[in-house]
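The following report describes a protein model for a reader who is new to structural analysis. Please keep the sequence and the structure in view while reading.

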Amino acid sequence: MLKNYTPAEYRTVTEYELVFDDGHNNGFGFPCDSTGKLLEGLNPAAYENRLRCMMHPEQFVRFNEVIRHDRRVKDFAHGTCSCGNEVELIDHYLGACQCGKCGKWYNLFGQELLPPDQWGGDSLDEDY
Ligand SMILES: [Zn+2]
């Protein structure tokens, strides 16, 4: 069993966009904060495009408007492997996943499994 098992959960991420468009998302949208200040580290062309938009308000239905987007993201269940590695419980192989450090297998509830090659069942190389 993984230590510190944490079940999957959804959370809401809020992002803002400074919009210059025709009211139907045809135009420009720049990532910004809730006050409309552009985020740092954008492509330099984004700042230039925004300046150009500011000089031509007549071209836009929505001009310099902050639009809020809420989206749901899923944090996968996760926990700490006995080797100390943090493991995200994502279905990589038949409902199981493997620790990237020590190679142990877990189901999506964090219970340790035998490696898939020891799961048994029908095998193509069995003799009849
Ligand atoms: Zn491990």
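## Nonpolar cores

In this predicted model, the largest nonpolar core consists of 9 residues: Leu-18, Phe-20, Phe-30, Cys-32, Leu-38, Leu-42, Ala-46, Cys-53 and Phe-60. A nonpolar core is a set of buried Ala, Val, Leu, Ile, Met, Phe, Trp, Tyr and Cys residues joined through side-chain atoms within 4.5 Å; buried means under 20% relative accessible area, exposed over 50%, and partly exposed in between, with a 1.4 Å probe and protein chains only. Two or more residues of this core come from each of β2 (9-21), β3 (27-32) and α1 (44-54). Helices (H or I, at least four residues) and strands (E, at least two) are DSSP runs, numbered from the N terminus.

A second, separate core has 8 residues, including Leu-2, Ala-77, Cys-81 and Cys-99. Within the largest core, Cys-53 is in contact with Phe-20, Phe-28, Phe-30, Phe-60 and Phe-63, leaving aside neighbours within four places in sequence. Contact means heavy atoms within 4.5 Å.

## Sheet and helix

Three strands form an open sheet in the order β3-β2-β4, with antiparallel pairing. Its edge strands, β3 and β4 (62-75), each pair on one side only. Two strands pair if DSSP finds at least two bridges between them; β2 and β3 have 6 bridges. In this pairing, Phe-20 stands opposite Phe-28 in β3.

Neighbouring strands of the sheet are turned by 35° against each other on average, direction ignored. The helix α1 lies across β2, β3 and β4, and runs at about 125° to β3. Axes are lines fitted to C-alpha atoms, for helices over the stretch in contact, and angles run from 0 to 180 degrees between N-to-C directions.

## Two loop residues

Asn-25 is located in the loop between β2 and β3. Although Asn-25 is not a glycine, it has a positive phi of about 65°. Asn-25 is exposed, with a relative accessible area of 62%.

Leu-94 is placed in the loop between β6 (86-88) and β7 (96-98). Leu-94 is not a glycine either, yet has a positive phi of about 50°. Its relative accessible area is 64%, and Leu-94 is therefore exposed.

## Domains

The domain assignment gives domain 1 (9-73) and domain 2 (78-118); such bounds come from an automatic or database assignment. The C-alpha centres of domain 1 and domain 2 lie 41 Å apart.

## Basis of the values

Residues are numbered from 1 along each chain as its sequence is written, and side-chain values use heavy atoms, with hydrogens and water left out. As the model is predicted, local features need pLDDT of at least 70 and side-chain atom pairs count only at pLDDT 80 or more, whereas totals for chains, interfaces and linings use all residues.
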